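This report is an introduction for a reader new to the structure shown below. Please keep the sequence and the model in view while reading.

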Amino acid sequence: MTEFGAWIQTNWFKLGILVLLSAILATIVWFARNILRTLRASQEQVGALLRLSFSDVIPVQATETELPAPVLSEPLQHGPSPLVVFAGNLFRWFQAPMGSGSVAAPWRKVLRWLQAPAGS
């Protein structure tokens, strides 16, 4: 037997681990490239959507270099954010005085709530 064959017979376990780790590394690199390619495509789509949302008119056969500069129209009028409204309602609820000292059964509270007219 040759010297290389003898070395493989004595170190077959280490050689197997080396092959296995090489395959794992190749798989990790392959997945990382696919994930990065997907992220890049997603970022390009978001960029294109942003350019569309800020521009008034886009030519039908425009390329990326021909797209007009972003133009902001009049600012959007929005109310307060839902989080601010929720926090204010929660604060007012905590500041409200507690009910009377009588303890009603929970099912009676539910029944009164169901019988109350909507919006009151």
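## Fold and confidence

Along the sequence, the protein chain follows the pattern α-α-α-α. Its secondary structure comes to four helices and zero strands.

The model is predicted, and the protein chain averages a pLDDT of 79. A score of at least 70 is reached by 73% of the residues. Among the elements of the chain, helix 2 has the highest mean pLDDT, at 92, and helix 4 (residues 106-115) has the lowest, at 82. Where pLDDT is low, the predicted coordinates should not be read in detail.

## Exposure of the chain

Of the 120 residues of the protein chain, 3% count as buried. The chain exposes about 11600 Å², and carbon and sulfur atoms supply 69% of that area.

Helix 3 is hardly covered, for the count of buried residues in it is zero.

## A nonpolar surface patch

A nonpolar patch on the surface is formed by Trp-12, Phe-13, Ile-17, Leu-20, Leu-21, Ile-24 and Ile-28. Together these residues have about 760 Å² of accessible area.

An α-helix has 3.6 residues a turn, so residues three or four places apart point the same way. Phe-13 has a relative accessible area of 53% and therefore counts as exposed, the cut-off being over 50%.

## Aromatic pairs

The structure holds four aromatic pairs. One of them joins Trp-12 and Phe-13 in an edge-to-face arrangement, with 5.8 Å centre to centre and 85 degrees between the planes. Both partners, Trp-12 and Phe-13, are exposed.

Another pair consists of Trp-30 and Phe-31, whose ring centres are 4.9 Å apart. Because their planes stand at 70 degrees, this pair is edge-to-face, a class that takes angles over 60 degrees. Phe-31 is partly exposed, because its relative accessible area is 45%, a value that falls between the cut-offs of 20% and 50%.

How values were computed
Residues numbered from 1 in each chain as written. Predicted model: local features only at pLDDT ≥ 70, side-chain atom pairs only at ≥ 80, totals over all residues. Heavy atoms only, no water. Buried < 20%, exposed > 50% of the residue type's maximum accessible area, 1.4 Å probe, protein only. Helix = DSSP H or I, 4+ residues; strand = E, 2+ residues; numbered from the N terminus. Areas by Shrake-Rupley, 256 points an atom, 1.4 Å probe, with all protein chains shown as cover. Patch = residues over 30% accessible without salt bridge, like charges linked within 9 Å, V, L, I, M, F, W, Y side chains within 5 Å. Salt bridge = Lys/Arg side-chain N within 4 Å of Asp/Glu carboxyl O. Phe/Tyr/Trp six-rings, centres within 6.5 Å; stacked < 30°, edge-to-face > 60°. pLDDT = per-residue confidence, 0-100.
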